[in-house]
Amino acid sequence: YLGFLRSEDSNATWIQSRASSETEGTALIPHPSIAGRILYGGGGEGIFISGDSGQTWNVAGGVGRIRDIRFAPSNIDIGYAVSVEGLFKTSDAGETWSEIGSHEDLSGWALAIDPSDEDVLYLGSSSRGMFKSTNGGLSFSEINTGIPLSINASAIGISSSNPDVYYSSISGVGFFRSTDRGYTWHQQSTSYTAVNESQYILVDPTNDDVLYAGFDEIYISTDAGVTWALSEDPSGTNYFQAASIDPENPLHVIAADNNSLVTYQTFDGGDTWETIASLSPSSYIYGFVFDPTDSNVVYASTYDHVWKSADNGLTWVEKETGLTTGLDNQIDALAIDPTDTSILYAGTRADHVMKSIDAGESWSATTYVSDNITTSPNQILVDTNGVVYAFNTYGWEKSETRGDTWETLSTEGL
């Protein structure tokens with residue numbers, strides 16, 4: 001069991017975390033409109049709710065190890081949660097939950113809700129494929145037409161430009177596509193072993209025929225997964241742990257191979273790749289962050305300080321002022337304040353949260369200290385109000401003063 005995994009860089013990297021040192025988390029979601037309300041799936045202990053951004057928690061309902069929690073986009077009072085033991089529903093924005101039907105035989109693992117209809121659910125099973133409900137979870141029907149009954153779907157991707165289009169990689173079988181929201185599936189390819197074992201499927205936000213997939217390597221398809229091309233790798237060994245798509249130009253992708261410590265980028269959707277010689281840390285690159293207001297500005301978190309590009313990834317400069325003491329040069333987490341993009345936060349192996357107020361040119365330590373968190377922050381989130389959250393394997397902290405003061409978000413009640 002790996003605990004709760006989270007990503008803040010478009011699925012490029014995932015980092016292990018637990019919201020409590022006593023209860024292993026398997027699902028975590030903030031309510032889409034109620035400030036401070038968070039729903040948490042405790043391992044084997046049902047659903048917990050917090051109304052104060054994680055300071056205190058109460059049991060809300062549900063049974064077993066909650067695998068997924070979702071709220072309906074069309075009615076945010078309605079939510080669903082799934083565990084191997086059953087399916088649960090809330091009609092009061094997560095305050096109380098009740099079981100719907102008897103679905104233990106489905107071995108529920110993942111949920112999705114139709115954006116326009118709160119009663120249309122998709123359920124991914126750990127052993128029986130995929131199912132659909134059109135009556136709010138009272139009953140389900142299989143939507144496995146075209147794929148094997150006994151499957152191990154290692155990854156699923158959904159097009160944002162056309163929500164009818166789904167992709168799935170089936171371990172040891174092939175790569176599949178659905179054009180009717182998963183009712184029926186068509187096998188696109190069988191001969192690309194690395195794609196069939198994919199741990200990620202990225203769908204171009206403007207063209208659902210363009211895909212990025214793979215396990216350690218990056219493969220690119222421009223024909224909806226029928227054929228694939230392997231990205232350039234001069235080192236001969238691949239370990240692509242970090243990748244990101246330019247939000248203003250989806251043809252521009254940056255990816256880092258952490259075996260060879262070579263970073264690549266493409267400006268033509270993966271037809272050709274070039275190495276970025278000026279981005280050359282001596283150890284791992286853990287993520288890329290694009291400036292949300294200017295995609296010419298990109299940052300990379302590495303084990304050699306923070307690196308910055310001001311020309312859309314063409315050239316990079318190491319930013320180390322203030323990051324040279326002890327283990328402060330090893331950056332596990334990086335985030336930009338969306339309310340003021342000159343402010344950045346970096347989580348370091350010295351157990352510090354460092355802050356820059358000049359777009360990365362210089363850094364200084366915040367007052368981040370915790371009695372409950374004894375390891376370095378490996379993920380940082382800044383919300384649209386400028387509130388900073390710092391996470392690691394054992395807990396999380398919050399600052400409403402941009403790092404000047406911090407409060408420990410307790411695990412009381414878990």
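Y122, Y166 and W185 form one aromatic cluster. Rings of Phe, Tyr and Trp (for Trp, the six-membered ring) are taken to pair if their centres lie within 6.5 Å, with planes under 30 degrees apart counted as stacked, over 60 as edge-to-face and the rest as tilted. The model is a predicted one, in which local features need pLDDT of at least 70 and side-chain atom pairs count only at pLDDT 80 or more, whereas totals for chains, interfaces and linings use all residues. Residues are numbered from 1 along each chain as its sequence is written, and side-chain values use heavy atoms, with hydrogens and water left out.

The structure holds 7 aromatic pairs. In the pair of Y368 and W406, the ring centres are 5.3 Å apart and the planes stand at 85°, so the arrangement is edge-to-face. Y368 lies in the loop between β34 (364–365) and β35 (379–382), and W406 in the loop between β37 (395–399) and β38 (407–409), so the pair ties together parts that are 38 residues apart in sequence. Strands (E, at least two residues) and helices (H or I, at least four) are DSSP runs, numbered from the N terminus. Y368 is buried at a relative accessible area of 5%, and W406 is buried at 16%. Here buried means under 20% relative accessible area, exposed over 50% and partly exposed in between (1.4 Å probe, protein chains only).

Y166, a member of the aromatic cluster, stands opposite S178 in β17. Strand β16 (residues 166–170) and β17 run antiparallel and are joined by 5 bridges; two strands pair if DSSP finds at least two bridges between them. On β17 (residues 174–178), 5 of the 5 residues are buried, and the strand is mostly covered. β17 also pairs with strand β18 (residues 186–189), in the antiparallel sense and over 3 bridges. In this pairing F176 stands opposite Q187 in β18.

A search of the whole structure finds 8 salt bridges. The term denotes a side-chain nitrogen of Lys or Arg within 4 Å of a carboxyl oxygen of Asp or Glu. One of them joins the side chains of D209 and R177, at 3.6 Å from N to O. R177 belongs to strand β17 and D209 to the loop between β19 (200–203) and β20 (211–214), so this pair ties together parts that are 32 residues apart in sequence. R177 counts as buried at 16% relative accessibility, while D209 counts as partly exposed at 29%.

A salt bridge also forms between the side chains of K319 and E361, at 2.9 Å from N to O. This pair links distant parts of the chain, with K319 in strand β30 (residues 317–319) and E361 in the loop between β33 (353–356) and β34, 42 residues apart. K319 is buried, with a relative accessible area of 13%, and E361 is partly exposed at 39%. In the salt bridge of K398 with E400, the closest N and O atoms are 3.2 Å apart. K398 is buried at a relative accessible area of 4%, whereas E400 is exposed at 57%. Salt bridges that share partners join R177, D208 and D209 into one network.

K319 is also among the residues touched by H305. H305 lies in the loop between β28 (294–302) and β29 (306–309) and counts as buried at 8% relative accessibility. Its side chain reaches the backbone oxygen of L323 at 3.3 Å. Leaving aside residues up to four places away in sequence, H305 touches A300, E318, K319, E320, L323, T324, N329 and I331, where contact means heavy atoms within 4.5 Å.

An open sheet of 4 strands, with antiparallel pairing, has the order β7-β8-β9-β10. β7 (66–72) and β10 (98–99) stand at the edges with a single partner strand each, so one side of each is left without a neighbour in the sheet. Strand β9 (residues 86–90) runs antiparallel to β10 and is joined to β10 by 2 bridges. F88 stands opposite E99 in β10.

The protein chain averages a pLDDT of 77, and 76% of the residues score at least 70; pLDDT is the predictor's confidence in each residue, from 0 to 100. Over residues 17–22 pLDDT stays under 50, and the model has 22 contacts for this stretch beyond four places in sequence. The pLDDT is also below 50 over residues 410–414, a stretch with 18 contacts in the model beyond near neighbours in sequence.

Key
Polar contact = N/O pair within 3.5 Å; in protein donor to acceptor, adjacent residues only side chain to side chain.
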